[in-house]
Amino acid sequence: MQFGIFTVGDVTADPTAGTTPSEAERIQATLAIARKAEDVGLDVFATGEHHNPPFVPSSPTTLLGCIAGQTERLLLSTATTLITTNDPVKIAEDFSVLQHVSGGRADLMLGRGNTGPVYPWFGQDIRQAIPLTVEHYGLLRRLWREDVVDWEGELRSSLQGFTLAPRPLDGVPPFVWHAAIRTPEVAELAAHYGDGFFANHIFWPASHTQSMVELYRRRFAHYGHGSPEQAIVGLGGQVFMRHNSQDAVKEFRPYFDNAPVYGHGPSLEDFTALTPLTVGSPAQVIEKTLGFREYAGDYQRQLFLVDHAGLPLKTVLEQLDILGEEVVPVLRKEFAVGRPADVPPAPTHRSLLRARGDGGGPHPDDDHPEAR
């Protein structure tokens, strides 16, 4: 399995200190968090894409390109890239460049987005969200796979004789995950193409995530890509840890209560009971995360949200130390127990090359998850 973190890039006041970072400070903090993720042995860093305050990651590939230059092993992704309001030609170009810049350490998660005003800002109609998702992704796939593209659709101007530059690294497009919170059509799209499906998983109860993942697995098999158990699944998660669980709850409560998404809503206790949010000790995080397999099956990628709601950078880096030193090593070991041999690992550039038959021999990094 791959383990990592994702950020939504919110600029939120620290309710305990009364201070708010500048946009520049938040962006620099994000770079520091990504570097720390690699330092503590995590596999993946993913950034969201937002075009409205109080968020800063409006240009994910710019951010990830910078991180690529400051890291060596970290796999870089998005959470998510907006397939509805971004032009598929620009997505194809940006991620091809990111592949080359990072040496293949890049994939992406595509999603509809959940901010309605974004659609008119980019000249789109939110009522066309699903058709845009399907049409744009169909074109994106062709741009990465065909040398010359002639294309005509209903929601975008046609292309004649278009050649993507640069071409995908080694002729292998980046692996695509389709991310959703509540949209079954996205799970269907992932299944149709045999791509990965990432359930955001941080706001809804386990029963909802289970139904979405089961739909994707069932349809993945329907389209002939393998058994349901061989489908490629990723999950989000949300944690705050201290070695004493009471200390974790006491420290995190003001951040939870004032968070931009769920603040002033359910109590911390209700939210942790009903969703994957875990606030407590490393042992409690391990126990709850291992429980995800009970309703999602054996899966390939687990990402945690750790840097939201105004948490200061020092605290976030402490969370990463705990993740890297105490939580993820146990999760790697325990998730491997009883894992069927035919459940594939998460695809990477190198594994896709090898599947094509020209991936070469052993590599110095073959002991790292990105290499498998």
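The model is predicted. In its secondary structure the chain comes to 13 helices and 12 strands. Its radius of gyration is 20 Å, close to the 21 Å that the globule rule gives for 372 residues, so the chain is as compact as a globular protein of that length. Along its principal axes, the C-alpha trace spans about 60 × 45 × 40 Å.

**The largest pocket**

- Rolling a probe the size of a water molecule over the atoms shows where empty space is left.
- The largest pocket holds about 680 Å³ of space, and 37 residues line it, with H50, A79, N114, I181 and N200 lying nearest its centre.
- The elements that give two or more residues to the lining of this largest pocket are the helix α4, which covers residues 118-121, and the strand β8, which covers residues 176-180.
- When the lining of the largest pocket is divided by class, 19 of its residues are nonpolar, 14 are polar and four are charged.

**The second largest pocket**

- About 260 Å³ of space lies in the second largest pocket, which is lined by 17 residues, and those nearest its centre are P21, G310, L311, P312 and L313.
- Helix α1 (23-39) and helix α12 (313-336) each supply at least two residues of this lining, and the largest share, four residues, comes from α1.
- By class, the lining of the second largest pocket consists of eight nonpolar, four polar and five charged residues.

**Cavities**

- The structure also holds two cavities of 30 Å³ or more, and the largest cavity contains about 60 Å³ of space.
- Of the 14 residues that line the largest cavity, G104, A106, D107, T348 and H349 are the closest to its centre.
- Seven nonpolar, four polar and three charged residues make up the lining of the largest cavity.
- The second largest cavity has a volume of about 40 Å³, and its lining is formed by A180, I181, F197, A199, H201, H208, T209 and M212.
- Strand β9 (196-199) and helix α7 (206-222) are the elements that give two or more residues to the lining of the second largest cavity, and α7 gives the most, with three residues.
- This second lining has five nonpolar and three polar residues, but no charged residues.

**A pair of packed helices**

- Two packed helices are described by the angle between their axes and the distance between the axes.
- The axes of helix α2, which covers residues 60-70, and helix α3, which covers residues 88-102, come within 9 Å and cross at roughly 5°.
- Angles under 35 degrees count as roughly parallel, and α2 and α3 are therefore roughly parallel to each other.
- On the α2 side the contact is made by T61, L64, G65 and A68, which meet D94, F95, L98, V101 and S102 in α3.
- By class, this contact of α2 with α3 has five nonpolar, three polar and one charged residues.

- Most residues other than glycine have a negative phi, and most peptide bonds are trans.
- A cis peptide bond with an omega of about 10° joins A79 and T80, and T80 is found in the loop between strands β3 (75-78) and β4 (81-82).
- Another cis peptide bond, with an omega of about 0°, joins A165 and P166, and P166 lies in the loop between β7 (159-162) and β8.
- The residue D170 is likewise found in the loop between β7 and β8, and its phi is near 60°, a positive value in a residue other than glycine.

Note on methods:
Residues numbered from 1 in each chain as written. Predicted model: local features only at pLDDT ≥ 70, side-chain atom pairs only at ≥ 80, totals over all residues. Heavy atoms only, no water. 1 Å grid on protein atoms, 1.4 Å probe; cavity = no way out; pocket = protein on both sides within 12 Å on 5 of 7 lines; lining within 4 Å. Points joined across faces, edges and corners; volume = space filled by probe spheres on them. Nonpolar A, V, L, I, M, F, W, Y, C, P; charged D, E, K, R; others polar. Axes fitted to C-alpha atoms, helices over the stretch in contact; angles between N-to-C directions. Parallel < 35°, antiparallel > 145°, perpendicular 65-115°, else oblique. Contact = heavy atoms within 4.5 Å. Rg over C-alpha atoms; globule rule 2.2 N^0.38 Å.
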